[in-house]
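This briefing concerns one protein chain and its three-dimensional model. Please read the points below alongside the sequence and the structure.

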Amino acid sequence: MISTTADLRDACEKLATAPYLTIDTEFLRETTFWPQLCLIQMAGPDIAVIIDPLAPGLDLAPFFALMANSAVIKVFHAARQDIEIIFHLGGLIPHPIFDTQVAAMVCGFGDSVSYDQLVSRIKNVHIDKSSRFTDWSRRPLSDKQLDYALADVTHLRDVYEHLKAELEREGRAGWLEDEMAILEARETYDIDPENAWQRLKMRLRKPLELAVLQRIAAWREREARSRNVPRGRILKDDALYEIAQQQPRDAEALSRLRTVPKGWERSAAGGAILAAVNEAFELPKADLPHLPRPTQSPEGAGAASELLKVLLKLTAEKQGVAAKVIASSDDLDRIAAEGEKADVGALKGWRRELFGETALKLIRGDVALRFIDRKIETVEL
């Protein structure tokens, strides 16, 4: 296990000459806002290493330089959390990347297939997952933990090469581009606290309620980041909704809320919440945010959406692609309601060719679905 900067530099120089490397991390996040990085595993075609980021004096600069090296493909499985760690600690997003979970969906392994399931199906190897939820911050790590950690990148080499070959054989390598662009986008990980309210489910009916929610959600986001604690440790989501709806203007009104901890109204946090509520009240009516209006679907759109779900399932099974890669439920609803005008991914690029054109024909009545010989098929009309 690498524990010195010099050894890390040597390993990263070797890996920089490889066409690709596989990466995984082990971390803890139960009591913090930011993940606590406890272990980094990497492997090239003929080298595999484990890095101890908790080792005293270890500088991760060589690792971040390798992540920024565009000549080497970085292979992850379910990359988002690993990339979030790299972005937070190193201020960069690895490029280029290849996510085997997304690639597996394109290759017909189902929706959001797990790493151990993928290894089992491709290599016929069973991975012992009993070490997955151990305390990775404790030292020394056991041999069992190290074996588990290393397996997460050594088997990933074979998974990557298998999926890459499958994508090239089927001419689907370009199908991953949209998903990889999202994973490589800075805004995926660098969320503005002012937009933190967008993570919450909308339970509001008035513009003033939304104005309050926007301000208290931004305050909670900043507090959680600065104190490095989970958002719920600052204030639960239910409390945000109640404050937005009840809009307490003073400490007494705040103390009467059911979801706010007792005595909280006398704290600095309580004062910040009241300041946010009063700030929302001072907004001119013209500056209040607009509540998203639920779209009024035309008559029959619900039934059309159900037909599109059947067509999507049929297409996914026929083409050997996970349905969620082709179209989302929102895509189907919008196609049913708006037809050709729907600005959705399912009507663009390869998705349109694979599914979108037939979907439009179905809602226009140019194509029908029929059940025959225990199968569903499309019929041109």
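The notes that follow treat the domains, the packing of helices, and local features of the backbone.

The model is predicted. The protein is divided into three parts, namely domain 1 (5-188), domain 2 (193-282) and domain 3 (301-380). The points below take up the interface of domain 1 with domain 2, the packing of helix H8 with H10 and with H12, the packing of H13 with H15, and backbone features that include two cis peptide bonds, one at Pro96 and one at Pro140.

**Domain 1 and domain 2**

- Between the C-alpha centres of domain 1 and domain 2 the distance is 37 Å.
- The contact brings five residues of domain 1 together with eight residues of domain 2.
- About 570 Å² is buried between domain 1 and domain 2, and carbon and sulfur atoms carry 59% of that area.
- On the side of domain 1, the residues that lose the most area to domain 2 are Thr31, Phe33 and Trp34, which together account for 81% of what that side buries.

**Helix H8 and its partners**

- Helix H8 (residues 207-227) crosses helix H10 (residues 237-246) at roughly 140°, and the two axes come within 8 Å.
- The crossing of H8 and H10 is right-handed.
- From H8, the residues Glu209, Val212, Leu213, Ile216, Ala217 and Arg220 take part in this contact, and they meet Asp237, Leu240, Ile243, Ala244 and Gln245 of H10.
- By residue class, the contact of H8 with H10 comprises seven nonpolar, one polar and three charged residues.
- H8 also packs against helix H12 (residues 268-281), here at an angle of about 145° and with the axes 9 Å apart.
- The crossing of H8 and H12 is likewise right-handed.
- H8 contributes Leu208, Ala211, Val212, Arg215, Ile216 and Trp219 to the contact with H12, while H12 contributes Ala269, Ala272, Ile273, Ala276, Val277, Glu279, Ala280 and Phe281.
- The contact of H8 with H12 contains twelve nonpolar and two charged residues, and no polar ones.

**Helices H13 and H15**

- Helix H13 (residues 301-319) packs with helix H15 (residues 329-338) at an angle of about 130°, the axes being 8 Å apart.
- H13 and H15 are therefore oblique to each other.
- Their crossing, that of H13 and H15, is right-handed.
- In H13 the contact residues are Ala301, Ala304, Ser305, Leu308, Lys309 and Leu312, and in H15 they are Leu332, Asp333, Ile335, Ala336 and Ala337.
- Sorted by class, the residues of the contact of H13 with H15 are eight nonpolar, one polar and two charged.

**Backbone features**

- A cis peptide bond joins His95 to Pro96, with omega near -10°.
- Pro96 is placed in the loop between helix H3 (80-90) and strand E5 (97-99).
- The peptide bond from Arg139 to Pro140 is also cis, and its omega is near 0°.
- Pro140 belongs to the loop between helix H5 (115-123) and helix H6 (143-170).
- Asn124 is found in the loop between H5 and H6 as well.
- Although Asn124 is not a glycine, its phi is positive, at about 60°.

Conventions:
Residues are numbered from 1 along each chain as its sequence is written. This is a predicted model: local features need pLDDT of at least 70, side-chain atom pairs count only at pLDDT 80 or more; totals for chains, interfaces and linings use all residues. Side-chain values use heavy atoms; hydrogens and water are left out. Axes are lines fitted to C-alpha atoms, for helices over the stretch in contact, and angles run from 0 to 180 degrees between N-to-C directions. Helices (H or I, at least four residues) and strands (E, at least two) are DSSP runs, numbered from the N terminus. Angles under 35 degrees count as roughly parallel, over 145 as roughly antiparallel, 65 to 115 as roughly perpendicular and the rest as oblique. A crossing is left-handed if the near helix is turned anticlockwise from the far one by less than a right angle, and right-handed if clockwise. Contact means heavy atoms within 4.5 Å. Ala, Val, Leu, Ile, Met, Phe, Trp, Tyr, Cys and Pro count as nonpolar, Asp, Glu, Lys and Arg as charged, and the others, Gly among them, as polar. Domain bounds come from an automatic or database domain assignment. Buried area is the accessible area (1.4 Å probe) that two parts lose on being put together, summed over both.
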